[in-house]
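Open the model in your viewer and keep the sequence panel beside it. We will go from one selection to the next.

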Amino acid sequence: VQFVESGGDLVQPGGSLRLSCEVSGLSFERYPMSWYRQTPTKERELVATIYRLSSSADYAKSVKGRFTIDRDNAKNTVSLQMESLKVEDTGVYFCNTRYKDFDWGQGTQVTVST
């Protein structure tokens, strides 16, 4: 199983980014998929989850209303649209299944700074 994250960048507070994750080696449509982030001072935390049929999603309190997760089961991709970014959103973002069933990819760095 392989996760390839992309889309991270340096952005100013209030800006937007869209992260993408290409997934291979598993029956993608069978799994709830999540985005996680890690900072130097915190353990990897769950940011957002989207369920198999894209009919529902869950978000961490800190990002609810600003981030939107979506998936394309035909392309085996999961994305994270991030709006109104804050300095505290800075970190390395990873995708994986909801229960972290597989080894992690390299992640993609998001830096929110003036």
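Two strands count as paired if DSSP finds at least two bridges between them. This is a predicted model.

Select strand 2, residues 10–11, together with strand 10. The two pair in the parallel sense, over two bridges. Look across from Leu10: threonine 111 of strand 10 stands opposite.

Strand 9 and strand 10 run antiparallel and are joined by three bridges. Here valine 92 stands opposite glutamine 109 of strand 10.

Show the side chains of strand 10. They alternate. Thr108, Val110 and Val112 point to one face and are buried.

Stop at threonine 108, in strand 10. Why does threonine 108 count as buried? Its relative accessibility is 8%, and the cut-off for buried is under 20%. Next, find the backbone nitrogen of glycine 8: a polar atom of the threonine 108 side chain lies 2.8 Å away. Beyond its neighbours within four places in sequence, threonine 108 contacts residues including Glu5, Ser6, Leu19 and Tyr93.

Move to the largest nonpolar core, which has 25 residues. Select Trp35, Phe67, Val78, Leu80, Met82 and Tyr93, the residues with the most contacts inside this core. Among the elements that give two or more residues to the core are strand 9 (91–97) and strand 10 (108–112). Strand 3 supplies the largest share, four residues.

Finish on methionine 82. Leaving out residues up to four places away in sequence, methionine 82 touches Gly15, Ser16, Leu17, Leu19, Arg66, Phe67, Tyr93 and Val110.

Terms used. Residues numbered from 1 in each chain as written. Predicted model: local features only at pLDDT ≥ 70, side-chain atom pairs only at ≥ 80, totals over all residues. Heavy atoms only, no water. Core = buried A, V, L, I, M, F, W, Y, C linked by side-chain atoms within 4.5 Å. Buried < 20%, exposed > 50% of the residue type's maximum accessible area, 1.4 Å probe, protein only. Contact = heavy atoms within 4.5 Å. Polar contact = N/O pair within 3.5 Å; in protein donor to acceptor, adjacent residues only side chain to side chain.
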